[in-house]
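Welcome, and please open the model in your viewer. We will go from stop to stop, and at each one you will hear what to select and what to look for.

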Amino acid sequence: MKVALCGLGEIGQIHLKAIRESGARLVAVCELDRDLAAASVGDEVPVFSDIEEMIEQSRPDVVDVCLPHHLHVPVAVTALRSGCDVLLEKPMAADLAGCDEILAVAKETGQRVGVSHNQVHFDPHRRLRHLIDSGDIGEIRSIYERLWMGGKYGGWREDAAQVGGGLLMDAGVHRIYMAEYLGGPVRSVTAVMDSPRSEDAFVLTLDFESGALGVIQGGYHGPDGVFDDRIEIQASEGMVEVLGCEAFFEGDLEGDLRLRARINGVWAEDPVVGHWDQSVMASVKAVLDDFEAGRDPEVGLAEGRAAVAVVEAAYRSAETGRTIPMSELDERKA
Ligand SMILES: NC(=O)c1ccc[n+]([C@@H]2O[C@H](COP(=O)([O-])OP(=O)(O)OC[C@H]3O[C@@H](n4cnc5c(N)ncnc54)[C@H](O)[C@@H]3O)[C@@H](O)[C@H]2O)c1
């Protein structure tokens, strides 16, 4: 299977490593920064700066998109219409209309789309999902997730038009899809933010279809070096906390302990280990394996759209002061 990779920035570098380690063959890259491209792939594959030209000349089966958010839709649409399957970094698109456009073109062309919601592949998160599925902690009643960061991202992330919003539409998307991965579909969203659609801080309350409640809290306002992305679950028979995911990669947390659980009245440290960068690699490899096997990916159109829909609901809630039922955003669900 031939793969072309667009974008060799922070996350593109990890995708590059994952593609090289997978059974797929890298056939081209698209990157505007020629020095970065040369340092990343040398003479291994041709380097392009135009997506159409890249597809025409390298004829990939898969186009992997690691570009700023506003480029996800045009690149995905071009690739799908050229007969390629598409792997998109999160978020699927910078807004809901973009997700629906990708959905429509995927349906029309019959091509597959995978979205890299990499934290679903973080071993402690999968272990937590297993504890839920096994019934060991009973029914989930509350989910609490944090994204506390010290210092703002720069570059294209300073332009809300390229991001499709602020922190919530960027790193916050990991909190959203993890909430649905653990708690199931969200029924409604109530949110407050400092500045919706270019927010530096937000609090979301989620009402899940299961009856569970969730809180997601995020902000850029921590002291330098802070990266706190913990998850806590309160369930009828137990409690679980995952101390962090990217927090360990960023160096704010150290040590081997990732997950603690209180089951049958006793708190215990779980031996599960996991690393954020490995979750990105696993996510890329899983989608490529699914494309190769002709299967729809575990995280695809429906999950990608659902995450962006919750972000949009949060923006509408913060703008209007209303609780937003997800049914308002369901018109063209996958
Ligand atoms: N899964 C994660 O944890 C995670 C982490 C970081 C970023 N991301 C996602 O990955 C995507 C990229 O983010 P990043 O942090 O790698 O950004 P980045 O700025 O580090 O890299 C983007 C790269 O794209 C290149 N580029 C920009 N426009 C281009 C164009 N028209 N044609 C070809 N190349 C172009 C830039 O030169 C740059 O090298 C975003 O969707 C982001 O949300 C995900």
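At what angle do helix α6 and helix α8 pack, and how far apart are their axes? Select residues 123-134 for α6 and 172-183 for α8: the two pack at an angle of about 30 degrees, and their axes are 9 Å apart. Axes here are lines fitted to C-alpha atoms, for helices over the stretch in contact, with angles running from 0 to 180 degrees between N-to-C directions. That angle makes α6 roughly parallel to α8 (angles under 35 degrees count as roughly parallel, over 145 as roughly antiparallel, 65 to 115 as roughly perpendicular and the rest as oblique).

Now show the side chains between them. His125, Leu128, Arg129 and Ile132 of α6 meet Met178, Tyr181 and Leu182 of α8; two residues are in contact if their C-beta atoms, placed from the backbone, lie within 7 Å. By class, this contact has five nonpolar, one polar and one charged residues. Ala, Val, Leu, Ile, Met, Phe, Trp, Tyr, Cys and Pro count as nonpolar, Asp, Glu, Lys and Arg as charged, and the others, Gly among them, as polar.

A word on the model before we go on. It is predicted: local features need pLDDT of at least 70, side-chain atom pairs count only at pLDDT 80 or more, and totals for chains, interfaces and linings use all residues. Residues are numbered from 1 along each chain as its sequence is written.

Zoom out to the whole protein chain, which has eleven helices and 16 strands. Helices (H or I, at least four residues) and strands (E, at least two) are DSSP runs, numbered from the N terminus. Taken along the principal axes, the C-alpha atoms fill a box of roughly 60 × 45 × 40 Å.

Next, colour domain 1 (2-118 + 280-299) and domain 2 (119-274 + 310-325) separately; these bounds come from an automatic or database domain assignment. Their C-alpha centres lie 26 Å apart. The contact takes 14 residues from domain 1 and 13 residues from domain 2. On the domain 1 side, helix α10 (residues 276-293) gives the largest share, three residues.

Where does the ligand sit? It lies between the two domains, because both give residues to the shell around it. Of the 25 residues in that shell, Gly7, Gly9, Glu10, Ile11 and Glu89 come nearest (a residue is near a molecule if its C-beta atom, placed from the backbone, lies within 6 Å of it). Helix α1 (residues 10-21) gives the most to the shell, with three residues. The shell has twelve nonpolar, seven polar and six charged residues.

Select Pro91, in the loop between β5 (85-89) and α5 (96-109): the peptide bond from Lys90 to Pro91 is cis, with omega near -15 degrees. Then select Arg197, in the loop between β8 (186-193) and β9 (201-208). Arg197 has a positive phi of about 80 degrees although it is not a glycine.
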